[in-house]
Amino acid sequence: AWYHMRLIDNLTRNFPHRSPVDPYLAADAPVVSVPLLFDLVVSGIAWMIGLGAPSPRTVEVVGALVPPIMGGLTVVVVGLIGARLFNRRVGFLAAGLLAIAPGQFLARSVIGFTDHHVAEALLTALTLLSVFAALEEGPPRRRLLTALLAGAALAAYLLTWSGGALLVFVL
């Protein structure tokens with residue numbers, strides 16, 4: 001979490017340009033290999049709240065609050081997936097289990113743990129929900145729009161995690 005907050009702080013001060021190297025990683029200042037989207041979202045929200053010049057406190061508060069908000073949105077999307085694939089009851093069960101289950105999802109979506117893993121979960125679920133919606137019968141225009149949404153969600157996912165090609169192979 002401290003690593004992302006340091007990147008977000010640097011990005012906010014130089015918005016929208018992130019430093020390409022991180023002198024704290026090693027003596028030879030290696031290239032920052034973490035994808036940009038999560039840091040850009042947190043920094044962009046802080047930048048908008050601070051009207052172009054957010055205080056360090058604003059950046060810290062936004063960085064602390066974004067993971068639980070994304071975690072809550074993930075619970076909703078998982079519920080929608082369960083409802084779409086089975087029924088509303090299964091959707092409620094899936095959402096409820098995800099919301100209360102101990103484990104890595106809970107650890108990554110607590111307040112103050114600013115890391116891109118909760119964004120991965122949200123964008124994976126959103127991609128799958130969009131793909132399921134695009135595969136259903138309906139007017140071609142609606143299927144095209146949901147397929148475009150699936151592509152946008154997948155693109156955002158790939159910009160959030162460097163190992164995101166795994167989902168492409170699954171799909």
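Modeller: Contact here means heavy atoms within 4.5 Å, and by that criterion residues 24 or more positions apart account for 62% of the contacts in the protein with a separation of 6 or more. The model is a predicted one, in which local features need pLDDT of at least 70 and side-chain atom pairs count only at pLDDT 80 or more, while totals for chains, interfaces and linings use all residues. Residues are numbered from 1 along each chain as its sequence is written, and side-chain values use heavy atoms, with hydrogens and water left out.

Colleague: What makes up the secondary structure of the protein?

Modeller: There are eight helices and zero strands, where helices (H or I, at least four residues) and strands (E, at least two) are DSSP runs numbered from the N terminus. The C-alpha atoms of the protein fill a box of roughly 55 × 35 × 35 Å along the principal axes.

Colleague: What does F38 touch, not counting residues up to four places away in sequence?

Modeller: Its partners include H4, I8, V66, M70 and T114. The C-alpha atoms of F38 and I8 are separated by 9.0 Å, although the two are 30 residues apart along the chain. I8, again leaving aside neighbours within four places, is in contact with F38, D39, V42, S43, V59 and T114.

Colleague: What makes a group of residues a nonpolar core, and which have the most contacts inside the largest one?

Modeller: The term is given to buried Ala, Val, Leu, Ile, Met, Phe, Trp, Tyr and Cys residues joined through side-chain atoms within 4.5 Å. The largest such core has 16 residues, and those with the most contacts inside it are I8, F38, V42, V66, M70 and V77. Helix 1 (2-13), helix 2 (37-49), helix 3 (56-85) and helix 6 (117-135) each supply at least two residues of this core, and helix 3 gives the most, with six. A second, separate core of five residues includes L123, L154, Y157 and L167.

Colleague: Why are helix 1 and helix 2 called oblique to each other?

Modeller: They pack at an angle of about 50 degrees, with their axes 9 Å apart. Angles under 35 degrees count as roughly parallel, over 145 as roughly antiparallel, 65 to 115 as roughly perpendicular and the rest as oblique, so helix 1 and helix 2 are oblique. H4, L7, I8, L11 and T12 in helix 1 meet F38, D39, L40, V42, S43 and W47 in helix 2.

Colleague: How do you know how helix 3 and helix 6 lie to each other?

Modeller: Their angle is about 25 degrees, with the axes 9 Å apart, and helix 3 and helix 6 are therefore roughly parallel. Among the residues that meet are M70, V77 and L80 in helix 3 and A119, L122 and F132 in helix 6. The residues of this contact divide into 18 nonpolar, two polar and one charged, where Ala, Val, Leu, Ile, Met, Phe, Trp, Tyr, Cys and Pro count as nonpolar, Asp, Glu, Lys and Arg as charged, and the others, Gly among them, as polar.

Notes
Buried means under 20% relative accessible area, exposed over 50%, partly exposed in between (1.4 Å probe, protein chains only). Axes are lines fitted to C-alpha atoms, for helices over the stretch in contact, and angles run from 0 to 180 degrees between N-to-C directions.
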